[in-house]
Amino acid sequence: MKAVVLVGGEGTRLRPLTETRPKPLIPFMGRPFLHHLLDLLARHGIEEAILSSPHLEEEFRAFLKERGGAPRITWITEETPLGTCGAIASAREHLEETFLVCNGDILTDLDLSELVAFHGRREATGTIALTPVEDARPYGLVETDDESRILAFREKPSEPIAADVNAGTYVLEPRALDGVPQGVPVSIERETFPGLIARGEPLYAFPSDAYWRDLGTPESYLAAHLDALEGRVRDVVAGRPHLGPGVVVEPGATVEGTVVLGRGARVARGAHVSRSVLHEEALVAERAEVSGSILGPRSEVGADAVVEDAVLGDGARVAAGAAVHGERVGPERSVS
């Protein structure tokens, strides 16, 4: 079986981290997140993953060279952004049978094998995994009948409401792409799925209580790490704190349990780090305090500085004694 993995977004909500690295390659538990998604596909017997992106394509090519293992990867060059269904349609010649579609920024331990089996039992044209959320305002709602057949897609609610929403994982038949033009942007959520309903194609919902989190914002990215450290994500095993290879925590430094330190990161004596993720070769100098923050690759927090609820881009620097609260500091920028 094959899967199309949607990795083409620019990750604007996760800037400045995504200014230098595509969102699916941002580290999760010390590894590019895309590894975790491809590993999930492999565990469920997916033999080939099809990817395309016009954004920072060379970064993906470097990743794929060192990836190895299952599933095998087919890369399609996407000259311009084509949207969620446009990207799938560009792979049409590779999709002869039932296939999966996964969003490249969703952390989940969804049982893909059961999702595919459910789709087959329903003889569906398309099946959409649903996940429960406490506040559905950021998402559209899905209306179903008693047999889980999707009747309509509703607008985003204006008030907080708990509901099952589109989890960004689908099983499709090739005929779901009939009529989808190639080479132009098309949204699967706003155009393709409603179109399938309009022409009477069987479209079903697969409710699931599997772990699910969109990694598209700094807040959700941090929360996903805390969930993993607390054992809430199946198949992600991590110590607390999670220390990558070559990490240095000097005597007298304090690193709390809900912290991830990427390869070669260093926390100097007297420093304190809590509820934070440090990417490779990030530095927290003597007596500095870092909490609720993401420190990008090779970023530096100077001695006696305070960084709270912040995001530092690749190579960003916070000067000794400076304070950063709730800010996003771009790549190679300095704060004094």
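In this predicted model, the largest nonpolar core comprises 55 residues. Within this core, the residues with the most contacts are V5, F28, L34, L41, L100, L107 and L115. Helix 1 gives the most to the core, contributing six residues. A second, separate core is made up of 27 residues, among them I76, I88, V101 and L196. In soluble globular proteins, nonpolar side chains tend to be buried together.

Helix 1 spans residues 33-43 and is largely enclosed by the rest of the structure, because eight of its 11 residues are buried. The buried positions in helix 1 are F33, L34, H35, H36, L37, L38, L40 and L41. Just after helix 1, G45 adopts a positive phi of about 80 degrees.

L95 is located in the loop that lies between helix 3 (83-89) and strand 6 (99-103). The relative accessible area of L95 is 6%, under the 20% cut-off, and this residue is therefore buried. With neighbours within four places in sequence left aside, L95 is in contact with V4, I50, I88, P174 and L177. L95 and R175 are separated by 80 residues in sequence, and their C-alpha atoms are 10.0 Å apart in space.

How values were computed:
Residues are numbered from 1 along each chain as its sequence is written. This is a predicted model: local features need pLDDT of at least 70, side-chain atom pairs count only at pLDDT 80 or more; totals for chains, interfaces and linings use all residues. Side-chain values use heavy atoms; hydrogens and water are left out. Helices (H or I, at least four residues) and strands (E, at least two) are DSSP runs, numbered from the N terminus. Buried means under 20% relative accessible area, exposed over 50%, partly exposed in between (1.4 Å probe, protein chains only). Contact means heavy atoms within 4.5 Å. A nonpolar core is a set of buried Ala, Val, Leu, Ile, Met, Phe, Trp, Tyr and Cys residues joined through side-chain atoms within 4.5 Å.
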